[in-house]
Amino acid sequence: MSTIDNRNEQMFPKLTPNEIDRLHRFGEVRHYAPGEALFVTGSVAPGMYVLIKGSVRVTRRDPFGHSAPIVEQGAGDFVAEVGQLSGQPAFVDVHAIDDVEALLIPPENLRALMIEEPELGERIMHALILRRVALIEAGTGGPVLIGAENSPDVIRLQGFLARNAYPHQLLDPAQDQDAAKLVEQYAPNPSDLPLAVCPKGTILKNPNETELARALGMVPIDERERTYDVAIVGAGPAGLSTAVYAASEGLSVIVFDARAFGGQAGASARIENYLGFPAGISGQALTGRAYVQAQKFGARVMIPSEVVRLDPTETPLGLHLNDGRRVKAATVVVATGARYRRLGVPNLSDFEGRGVWYWASPIEARLCRDEEIVLVGGGNSAGQAAVFLRSFAKKIWMLVRGPGLTESMSQYLIDRIKAIDNIEVLTQTEIVALFGSREKQLERVCWRNNVTGEETEKPIRHVFCFIGAEPATGWLRDSGIALDGKNFVLTGSDVPFDARPSNNGSGRPLPLETSVRGVFASGDVRSGSVKRVGAAIGEGAVVGAELHVARADGAAESSGDAEKDSGTGSVGAMGMRLNPHCTPKRAHQEATAALSNGVAPAYSAAGWDRGR
Ligand SMILES: Cc1cc2nc3c(=O)[nH]c(=O)nc-3n(C[C@H](O)[C@H](O)[C@H](O)COP(=O)(O)OP(=O)(O)OC[C@H]3O[C@@H](n4cnc5c(N)ncnc54)[C@H](O)[C@@H]3O)c2cc1C
């Protein structure tokens, strides 16, 4: 049963006349004649509509022009889904059935509503999220990918869309006539496939992720030159956590991620050790909520956008993006986590995305249904993946280089793996050769027991690698940020005295500040951090607090942002709103005292009230 059948009442709650009255201050009344469009698929919806009189028809429409009704809504209903929080393109058509009077609440006011009307905001937010889930389940309103289900490029694009919670559909030209016609017309060469047919009619031939994201309008384009209080690089748990805390405190925040929100945690089928989720939660569900939460507080999230360079000589700090654009921010948070390590097999790149996987989502899992597969790694991430894949694969050969799992895996996962009869753990064993070709994909795998020297070759088409990760700090080259011997970012007291000193109240960097003033690091990318979701989220919150200290110290002069919230306090050197009682010295003392007790101060101590 789909979400729309199951949770209809939560998806479409009615607002009372009294509640609608309360919402009037967030929007303006608009009128629509019968048949008139409120918005259409693929165009940016102007916000959320609260229906006062009349009714509308919500319809799904695919790029081939087929349409089908989803729901009719009337007085007391509201028309929106979660994308309207950040001005994303709509996934449905909405037309007036009769004369309609509606309150239009634009994205920035919708975000304000969520905060200022918490009870109502919670109900609305819940409905918006469920509506997105229903759109994803039905594949409504996003692009249609045309290609074979097991094509590596289809899997690549599907993975990108799925990880960004973007609705889409897949049509196999061998089975669908419309798809076959388009292939005949637009994809004469096999290398043109898959096609991506976008809602507004654009047809892309085997696009990369950035091309697809652009055609879909996923990356908002900021026309104006603007300086942000905080730029966060990386939308994994650490980056999203900082975004939530900093944006909720009224700072202007921009977040970049090269691929998708969620980072490594997004790859986790079930996180069982994150506080408050006794039944476990998937990494995508946890970070998906954080992603929406950050946007609710007004953080701007740019995905996919890779940051290729940090220029600390610019004031404010300059971030250079892979598309040539440059963004300025008074402070920068490095939350780029880590990238998976690769196997040391010479022809590995022939099979990456063609049988060698670094991810175990349902998309990859369905490819290995009833097959024998190899999973390499002995850490928790490997353990989780094995537990997830065991219900798809016929047999999992789990190859571990070390003598056992106890050194590297949590006991609960070891116990679970022991109890699963289609997982066989081979210790002191590693892959020595992969056979196949780019065209035929992976066909056979050979592994060796490093104690006996015995080699085993098996017809296996899927290898999953979870062998740890290296810090994603290549983009910090030339930034002057001090790194440790393994290229993790040094912060706080680990920053060598001879590295460029940070000029805050104590003369030394704050606990999570780097050797460059105003630049912070949190999560897996930070030297000495605990590589866990909980730790990354906690550090994100701590950085949120330290940003205020840096601000109070006037870390990096900003040219000033024209778009500051009004409120109590003055505008500080960084252009951020200051609490009049918060002196730099006091801020620094409070922060460091609270941090050493393991408490981020901003959310408890007086002196941090942002006067929202
Ligand atoms: C499969 C798997 C399962 C796991 N399970 C658990 C678990 O059960 N419990 C637990 O506590 N921990 C678990 N972990 C570890 C946990 O996921 C990490 O500790 C956590 O995700 C670290 O968060 P982070 O934000 O620091 O970095 P990451 O999660 O690595 O996020 C970094 C982000 O930065 C982006 N990025 C990198 N470079 C750039 C750039 N130049 N420009 C823009 N963006 C960039 C990346 O795309 C990425 O999204 C697991 C990890 C894996 C891989």
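Because the model is predicted, local features are reported only at a pLDDT of at least 70 and side-chain atom pairs only at pLDDT 80 or more, whereas totals for chains, interfaces and linings use all residues. Residues are numbered from 1 along each chain as its sequence is written, and side-chain values rest on heavy atoms, with hydrogens and water left out. The protein chain has an average pLDDT of 87, and 87% of the residues score at least 70, where pLDDT is the predictor's confidence in each residue on a scale from 0 to 100. Over residues 557-612 the pLDDT stays under 50, and for this stretch the model has 115 contacts beyond four places in sequence, a contact meaning heavy atoms within 4.5 Å. Where pLDDT is low, the predicted coordinates should not be read in detail.

Helices and strands are taken as DSSP runs numbered from the N terminus (H or I over at least four residues for helices, E over at least two for strands), and two strands are said to pair if DSSP finds at least two bridges between them. An open sheet of four strands is arranged in the order β1-β8-β3-β6, with antiparallel pairing; its edge strands, each pairing on one side only, are β1 (28-32) and β6 (78-79). Within this sheet, strand β3 (residues 48-53) pairs with β6 in the antiparallel sense over two bridges, and V50 has F78 of β6 as its bridge partner.

Two hairpins were also identified. In one of them, strand β4 (residues 56-61) and strand β5 (residues 67-73) are antiparallel and pair over six bridges, with R57 bridged to E72 in β5; five residues lie between the two strands, and in the turn G65 adopts a positive phi of about 90°. In the other, strand β24 (residues 429-437) pairs in the antiparallel sense with strand β25 (residues 441-449) over eight bridges, the bridge partner of A433 in β25 being C446, and three residues join β24 to β25.

A parallel arrangement is found for strand β22 (residues 395-399) and strand β23 (residues 423-426), which are joined by four bridges, and I396 has I423 as its bridge partner in β23. From β22 the chain passes through helix α14 (residues 411-418) to β23, forming a β-α-β crossover that is right-handed, in the sense that, with the strands pointing away from the viewer, the path from the first strand over the helix to the second runs clockwise.

The peptide bond from L193 to P194 is cis, with omega near 0°, and P194 is placed in the loop between α7 (177-186) and β11 (195-197). A cis peptide bond, again with omega near 0°, leads from I303 to P304, and P304 belongs to the loop between β15 (300-302) and β16 (307-311). Positive phi values in residues other than glycine occur at A165, where phi is about 55°, and at N206, where phi is near 35°. A165 is located in the loop between α6 (152-163) and β10 (169-171), while N206 is in the loop between β12 (203-205) and α8 (209-216).

The structure holds one cavity of 30 Å³ or more, a cavity being a set of points, on a 1 Å grid over the protein atoms alone, where a 1.4 Å probe fits but cannot get out. The largest cavity has a volume of about 50 Å³, volume being the space filled by probe spheres set on the points, which are joined across faces, edges and corners. Its lining, made up of residues with an atom within 4 Å of a point, consists of T210, R214, V219, P304, S305, L321, N322, D323 and R325. By class, the lining comprises three nonpolar, three polar and three charged residues, with Ala, Val, Leu, Ile, Met, Phe, Trp, Tyr, Cys and Pro counted as nonpolar, Asp, Glu, Lys and Arg as charged, and the others, Gly among them, as polar.

Technical notes:
On a 1 Å grid over the protein atoms alone, a cavity is a set of points where a 1.4 Å probe fits but cannot get out, and a pocket is an open set with protein on both sides within 12 Å along at least five of seven lines; lining residues have an atom within 4 Å of a point.
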